[in-house]
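Please look over the model shown here.

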Amino acid sequence: MAEYQTIQEEQISTKDLIKKIIGVFNLIGSHWKLLLISIGLGSLISILLDIKDLKESEFIGEIQFNLESGGNGQNPMGGLGGLASAFGVGGMGGATSNDLFSGGNFGLMVSSKALYEKALMKEVTIGGKKTLFINFYKDSSDIAKKEWGGDLLHEPDKKSIAYRFKLKQPSEFTKDENIMIATIYEKLAAQTQLQPLDKNGSIMVLSCITNSELLTKVWLETLLTSLEEFYIEVRTRKTREIYDIQVNRLRELEGKLSSTDRQLATTNFQNLNAVDPTAPMRQQQLNRSNNFISNQYYTQMATVEQLKMALIHQTPLFTVLQPVRLPLLQKTYSIGGNTKTGAFLGFFLCLVVIIFRKTYQELMS
């Protein structure tokens, strides 16, 4: 008897559910004009947004390059020749290393603020005139309109828009300059991307999207140049320090050798008419000193030459396989591409309003 009662309650619940569903469809049918108007408004709004995006053109540019790392005999995977490990591609993806240019460190380094500041403060030639890239970016990008343009609650940042940077080290930036640099860095970092062309990771693609065709091109070239300079600077720092020490040592030996040469020449000239019995002994001592310093000098010269070759060997070779050239690919916008989404949102919001209104009327009655 209890089981029969349970089944009967379930049947009643199912019957009520079906009635409610039919009631919802009847409600929708009774407001079909309002639903059509909502669908039309949603479609119209999506078209207007597409037209707005169409006016704000964006230009896509990319540089494909390969970097053959300079060999140091210690860490063959330390350079960009093994870029697969930098993005977790290939057999070395899981390796950990303290090397700045290997493993996951490389991706962070390329998008680091230090590298971007180096690129922003680099001089570029635009229209035959030299200017800092950061000033060119402020003039050519839409940062003055968007980030510094203000809104209903904030006034435009006229000081940042009109400010002109001067060539200086990042450590010399003022508080206001650091704030402006941070805003530009965040915007550029979001617009710039570096990724491997294929699974091998030997060819990299540096790409960027900005609102200016020339700005995209100049930024990609400037960033790649800064990356190359930064890489060479870090990779050869220790060798250059040793080279400077050895060059100073070579100059000291060169001075001593010149001094002993003069002394020996003077002694040989004086000994021609000398009657001093110790003159030959002094000449022998000077000959020994001169020979000893000469051997040291030529050995030191060979050491310096070896360090020069080491610097050349450690310097990576950047090979640009596909340079960025004008005109660039323009990002295309299709008017009405979001019409389906706008129509669905209009229908859904109108449906929610209709159901809520019907429920409210039933409660009040």
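## Basis

This is a predicted model: local features need pLDDT of at least 70, side-chain atom pairs count only at pLDDT 80 or more, and totals for chains, interfaces and linings use all residues. Residues are numbered from 1 along each chain as its sequence is written, and side-chain values use heavy atoms, leaving out hydrogens and water.

## Helix H7

H7 spans residues 175–191, 17 residues in all. Helices (H or I, at least four residues) and strands (E, at least two) are DSSP runs, numbered from the N terminus. From first to last C-alpha H7 reaches 25 Å, close to the 24 Å expected at 1.5 Å a residue; that expectation is 1.5 Å times one less than the number of residues.

Buried residues of H7 include Met 180, Ile 184, Tyr 185 and Leu 188. Buried means under 20% relative accessible area, exposed over 50%, partly exposed in between (1.4 Å probe, protein chains only). Their cover includes helices H4 and H8 and strands E4 and E5.

## Strand E5

Six of the seven residues of E5 are buried. E5 runs antiparallel to E1, with seven bridges, and antiparallel to E4, with five. Strands pair if DSSP finds at least two bridges between them. Phe 65 stands opposite Met 204; Thr 192 has Cys 208 as its bridge partner.

## Aromatic pairs

The structure holds eight aromatic pairs. Ring centres of Phe, Tyr and Trp (its six-membered ring) must lie within 6.5 Å; planes under 30 degrees apart count as stacked, over 60 as edge-to-face and the rest as tilted. Tyr 116 and Trp 219 are tilted, at 5.3 Å and 55°. Tyr 116 lies in H4 and Trp 219 in H8, so the pair ties together parts 103 residues apart in sequence.

How values were computed:
Contact = heavy atoms within 4.5 Å.
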